[in-house]
Every structure is written in structure tokens, then in C-alpha cells.
Amino acid sequence: MTTYSDNRGEIQDRRLFITRLAPYTKKEKLLELFKPRGAQHAVILRKPTGNQAFITFETSTQAQETLQAAKRGIFCHKRKLKVLITPRPDVNPFPGLDLSEPIPLPIECIAIIATFLPFIDRARLEMTSRRWRQGSLLSHQSIRSISLDDWRWPEGWDGKKVTANSLYWVVQRAGNRIKSVNLNNDTMAKYLQPQIITIIVKNCLHIETIDLTGTTIRPSAIRAIEPVAHQLTNFSIRTCQGPIEPHLINIFRSASHLKSFSTVGTNFFSKSITYITSDLQKLYLDKNDDLRTEHIAHTLSTLTTLEYLEIKSCNSLTNGDILEALSNNRSYKHSLKT
């Protein structure tokens with residue numbers, strides 16, 4: 001009596017796939033044709049597109065010999081049969097992983113997806129699931145600067161609520177990596193709370209650039225900047241509600257790496273500027289009516305690497321001391337460009 005192995009791999013080696021059969025071909029005919037070659041079992045698959053069959057041989061060697069003979073030609077009912085190796089089932093490329101279950105999306109991929117989304121949508125991701133929350137938080141590692149010019153919200157949304165909440169949300173999550181904050185958009189900045197400067201400074205411990213030319217600031221905000229003044233490289237301010245001169249003096253005393261300072265409509269007396277570092281590269285003064293000529297002239301006489309200078313609409317600067325300071329500073333022949 002013929003016995004068959006239960007080993008699936010062995011049966012696969014002894015089995016061939018036959019196509020191009022006539023519609024009326026029977027199993028007995030196939031066994032009679034392949035019996036001399038060691039055929040033991042045959043199965044006919046009848047399909048509308050044509051009959052097919054599986055034939056199992058006694059040994060894998062006989063199956064290989066039949067496969068080679070088919071290249072020279074094996075005919076049944078005047079048809080040349082096509083003999084192929086039995087198609088094998090798909091092999092799991094990840095041994096030990098059950099492919100019947102959905103594969104979770106890697107957190108790194110979720111983080112990349114989140115970088116293409118507005119911040120308000122990243123906040124929604126955090127409420128989807130634990131995995132999507134982790135991906136959303138990971139996406140903030142690439143944030144190095146915040147600018148209100150880049151802020152957008154869907155049409156019809158409450159701009160005040162979305163702008164303020166999403167800005168605080170981003171600062172809290174990416175604060176340690178943020179080095180630049182630009183609140184330079186008048187339309188957007190008016191929606192922010194006065195405490196935003198304090199919140200930014202407390203969360204962004206490595207901040208180097210602060211641009212506040214889009215919002216009105218208070219003395220408490222300038223005072224909050226003093227602890228990080230030593231790492232500032234760019235500093236810009238606008239209108240202030242209250243006296244800020246003492247706080248600016250403390251900032252300029254510590255800001256030894258400051259490269260750029262800009263003011264627009266700032267109501268402060270210019271004594272604080274005399275404490276500014278001599279390595280300053282850009283000085284921009286616009287619409288500052290309380291500046292004093294002697295302070296500005298003294299500052300310009302001490303700067304050694306100044307590249308950009310612009311003083312306009314400062315009505316209190318009336319005499320020629322500033323021009324004299326510019327002409328007497330020999331460093332400007334090599335450093336001043338604009």
C-alpha cells in the first residue's frame with residue numbers, strides 16, 4: 001500500500017503543477033501518462049479558464065526528472081503540457097511575527113507625519129492613542145524656533161484661542177530645544193497674554209534670539225529675560241508700558257554675546273545702551289523720541305565690530321555728536337557695511 005509523508009516540505013518537493021490540460025482530461029489519464037515516471041497521485045482543478053492539475057511523485061528526484069522532460073515536450077490529448085514547480089506558500093519575512101494581526105506604525109513614522117501638520121492638529125494626535133501621543137511629542141524634537149508668521153488656523157476658527165493655546169502648548173513641549181522666538185506679527189501677537197514672555201523664558205532655557213517687535217511689552221517681561229541675557233545673540237523690542245531702563249541695563253551687562261539690538265517706538269532713555277557689548281554687529285533705532293545724543297554717541301565710539309547701523313525718526317537726536325563719533329571710530333573703516 002502506498003503511504004504519503006505528512007511532512008509538508010517533502011510533499012512540496014515531490015509535487016508538480018500541470019497546466020494547458022484539455023477540458024475533458026481525467027485524473028486516470030494523467031496517472032496513466034505519468035505512471036512510468038513515478039506518479040502516485042493526481043488532483044484535477046477544473047476552472048473556466050482551463051483545467052489544471054497537481055501530480056505527486058514517489059520521490060523528489062522523479063519529480064525533477066519529469067520537470068526536465070517537460071522542457072523537451074510531454075503531450076496529452078494532442079496538447080503540449082506546461083509543467084511547473086508547485087507554487088509555494090508565502091514565507092513570513094519576519095519569523096515570530098504574526099502577520100494575521102495589523103502591524104502598528106512605528107513611533108518614528110508617526111513623528112515624521114506630525115511634522116507636516118499644524119500645531120493644533122498635533123495636539124489632536126495626543127488624544128488619539130498612547131502611540132500617537134508619543135509620536136506627536138517626538139515630533140517636537142526638530143523644533144528650534146517659533147515665529148508667529150508661520151502660525152495658521154483653519155478658516156472660521158477663533159484665532160485668539162487657537163494662537164494662544166497652541167503657542168503655550170508648543171513652548172511647554174519643545175522648550176528645551178527652542179533657540180529663537182519671534183513675536184513679530186502685529187495681527188497675531190495682540191491675541192497673546194502679557195505673561196507669554198515669562199512663560200517662554202521659563203521653558204526655553206537655551207533661547208538665543210528674542211524678537212518682541214510685534215507686541216507691546218511690560219517691565220515685568222523685560223525683567224523675566226534677565227536670567228537668560230548671558231546667552232542672547234539677538235534682541236528686539238517695541239513699545240513698553242512702563243519704565244524698563246533698569247532692566248535693560250541688567251540685560252546689557254550680562255549679554256556679552258549680543259550681536260544685534262533693535263528698537264521700534266520704545267520709550268526708554270538711552271543710558272542702558274552705553275552698557276552694550278563692544279562686539280555688537282547690528283544697531284537699529286526707530287521712532288525712539290527719548291534717546292539722548294550723548295549716550296548714542298558714547299556707544300558708537302566704543303563699538304569695534306559694528307556692521308549695520310540705522311537710526312531714523314528719533315527726533316531727540318539733533319546735534320552732530322553722533323556723526324563725530326562715527327568719523328572718529330577707526331574700526332568702522334573695516335567693519336561698517338550698511
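This note goes through the predicted model point by point, from the chain as a whole to single residues.

1. Basis of the model. Because this is a predicted model, local features are reported only at pLDDT of at least 70 and side-chain atom pairs only at pLDDT 80 or more, whereas totals for chains, interfaces and linings use all residues. Residues are numbered from 1 along each chain as its sequence is written, and side-chain values use heavy atoms, with hydrogens and water left out.

2. The chain overall. The protein chain has 14 helices and 13 strands, where helices (H or I, at least four residues) and strands (E, at least two) are DSSP runs numbered from the N terminus. Of its 338 residues, 42% count as buried; buried means under 20% relative accessible area, exposed means over 50%, and partly exposed lies in between (1.4 Å probe, protein chains only). The accessible surface comes to about 19200 Å², with 51% of it belonging to carbon and sulfur atoms, as computed by the Shrake-Rupley method with a 1.4 Å probe, where for residues only the protein chains shown count as cover. Among contacts (heavy atoms within 4.5 Å) between residues at least 6 apart in sequence, 65% join residues at least 24 apart.

3. The largest nonpolar core. A nonpolar core is a set of buried Ala, Val, Leu, Ile, Met, Phe, Trp, Tyr and Cys residues joined through side-chain atoms within 4.5 Å. The largest one holds 54 residues, of which Ile222, Ile225, Phe235, Ile237, Leu258, Phe261 and Leu300 touch the most other members. Elements that give two or more residues to this core include helix 9 (196-203), helix 10 (219-225), strand 10 (234-237) and strand 12 (282-286), while helix 7 gives the most, with six residues. In soluble globular proteins, nonpolar side chains tend to be buried together.

4. Isoleucine 237. When its neighbours within four places in sequence are left aside, isoleucine 237 is in contact with a set of residues that includes Leu212, Ile222, Ile244, Leu248, Phe261 and Val264, and also Thr213, Ser262, Thr263 and Thr266.

5. The second core and valine 83. A second, separate core of 19 residues includes Ile18, Ala42, Ile44 and Ala69. Valine 83, in strand 6 (residues 82-85), is buried, with a relative accessible area of 9%. Neighbours within four places aside, valine 83 is in contact with Leu16, Phe17, Ile18, Leu67 and Ala70, and the C-alpha atoms of valine 83 and alanine 70, which are 13 residues apart along the chain, are separated by 6.1 Å.

6. Helix 12 and helix 13. The axes of these two helices (lines fitted to C-alpha atoms over the stretch in contact, with angles from 0 to 180 degrees between N-to-C directions) come within 8 Å and cross at roughly 5°. Helix 12 and helix 13 are therefore roughly parallel to each other, a label given to angles under 35 degrees. Thr293, Ile296, Ala297, Leu300 and Ser301 in helix 12 meet Asp321, Ile322, Ala325 and Leu326 in helix 13.

7. Serine 136. Serine 136 is found in helix 6 (residues 130-138) and counts as buried, at 0% relative accessibility. Apart from residues up to four places away in sequence, serine 136 touches Ile110, Ala114, Arg122, Leu125, Glu126 and Trp169.

8. Backbone points to check. Arginine 20, which lies in strand 1 (residues 15-21), has a positive phi of about 65° although it is not a glycine. Histidine 77, also not a glycine, has a positive phi of about 55°; histidine 77 is placed in the loop between strand 4 (75-76) and strand 5 (79-80) and counts as partly exposed at 31% relative accessibility.

Note on methods: Parallel < 35°, antiparallel > 145°, perpendicular 65-115°, else oblique.
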